[in-house]
Amino acid sequence: MDTITHNARASAIADPATAARWSIDAVAELLDLPFNDLLYRAQTIHRANFDVNAVQLSTLLSIKTGGCPEDCGYCPQAARYHTGVDNEVMLGIDEVVAAARAARDQGATRFCMGAAWRGPKQRELDRVLDMVKAVRGLGMETCATLGMLKAGQAEQLKEAGLDFYNHNLDTAPEFYGEIVSTRTQDDRLDTLAKVRSAGLHVCSGGIVGMGETRRTRAALIAQLANLDPYPESVPINNLVQVEGTPLHGTAELDAFEFVRTIAAARITMPTAMVRLSAGRQQMSEGIQALCFAAGANSIFYGDKLLTTGNPDALRDRALLTTLGMYPMQVASKA
Ligand code: SAM
Ligand code: DTB
Ligand code: SF4
């Protein structure tokens, strides 16, 4: 690509109105840019929309761990894989509220409750609704990730005070069937449509490092960016390889390629919270700093994700201090 075309694209990217639809080719062109050009673009867009030194801290809690009937090839919670994750009962509301309060006291502003379900049964959802109300009562933003939703369930979550629903597209449509067979990506899109029409904010992203090509990563980012509107939160996960899952042993993604994916998410979804999500424990602090430079402005905060590890909170706070960064107070523009 020559300089003139570069500049033409830079001005197109700067204008959200003209960047409304992204072709896979256009995102692939971004991913193919020289690293510094890509980071410059991403950081320019980040600066135009956010305080680049502020990072949103979001804490996760697994409210129902293990025993999941689905077959997601990356997931340690699928019952069919022998990963050492047991099928546990759902946590009680007191335990959830205590965890949320502790997260808030450590500086988290968003609390995300995750359940290893294909989707919630009504009696399960009823219990989650009480948890959402209680966590909202602590003054935190609430997020839940409970799997596929049936008609009316998103509305009940909205009514209870839920702010965000997380449901990842995970990977591009052409690769999805190689990773999951117990549902289709259209099922995911159907739940996202229900979430949107109930007035909930959408949190949706994906996983990289599953053996996909750069083109597949471009297709995932284009698909997310072309959701209308694009998600308010976009978690980009680097596969955490867990022994016993089919994807254990996959060739690891080059760390710079992960940074490129973050940059492409920032450029194509300028006002979204782009979350540097799973995989941080396995990542150097240098690469994490590059992710922030590439436009990531949210992390999972606390020593555990759902079942796997995450850097401890003290260490994360020290990293932010080293970089002259600080926790975001107003969690989201959405
Ligand atoms: N069961 C619900 C579902 O699948 O939507 C909610 C919980 S599920 C664990 C939430 C997300 O965690 C998945 O969509 C996937 O993106 C991410 N995830 C699961 N296992 C992972 C792993 N080993 N590495 C990275 N991300 C993972
Ligand atoms: C998301 O995109 N990543 C989080 C959250 N949303 C629910 C989950 C990561 C899970 C990593 C594997 C585990 O800890 O079980
Ligand atoms: Fe179940 Fe969600 Fe894990 Fe898939 S990602 S196996 S649906 S918990």
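A cavity is a set of points, on a 1 Å grid over the protein atoms alone, where a 1.4 Å probe fits but cannot get out. This is a predicted model, in which local features need pLDDT of at least 70 and side-chain atom pairs count only at pLDDT 80 or more, while totals for chains, interfaces and linings use all residues. Residues are numbered from 1 along each chain as its sequence is written, chains are lettered from A and ligands numbered from 1 in the order in which they are written, and side-chain values use heavy atoms, with hydrogens and water left out.

**Exercise 1.** Find where ligand 2 sits and which asparagine side chains meet its atoms.

Step 1: Ligand 2 sits in the largest cavity (more than half of its atoms lie within 2 Å of the grid points).

Step 2: Look around ligand 2 for residues with a heavy atom within 4 Å; among them are Leu60, Pro76, Thr145, Phe300 and Thr308.

Step 3: Now pick out N or O pairs within 3.5 Å. The side chain of Asn168 places such an atom 2.8 Å from an oxygen of ligand 2, and the side chain of Asn237 also has one 2.8 Å from a ligand 2 oxygen. For Asn166, a polar side-chain atom is 3.4 Å from a nitrogen of ligand 2.

**Exercise 2.** Describe the surroundings of ligand 1 and its polar partners.

Step 1: Ligand 1 takes up the space of the largest cavity.

Step 2: Count its neighbours: 18 residues surround ligand 1, and the closest are Tyr74, Asn168, Asp170, Arg188 and Val240.

Step 3: Start with the backbone. A polar backbone atom of Tyr74 is 3.0 Å from a nitrogen of ligand 1, and a backbone N or O atom of Trp117 is 3.2 Å from a ligand 1 nitrogen.

Step 4: Finish with a side chain: Asp170 has an N or O atom there, 2.6 Å from an oxygen of ligand 1.

Conventions: A polar contact is a pair of N or O atoms within 3.5 Å; within protein, one must be able to donate a hydrogen and the other to accept it, and residues adjacent in sequence count only if both atoms are side-chain atoms. On a 1 Å grid over the protein atoms alone, a cavity is a set of points where a 1.4 Å probe fits but cannot get out, and a pocket is an open set with protein on both sides within 12 Å along at least five of seven lines; lining residues have an atom within 4 Å of a point.
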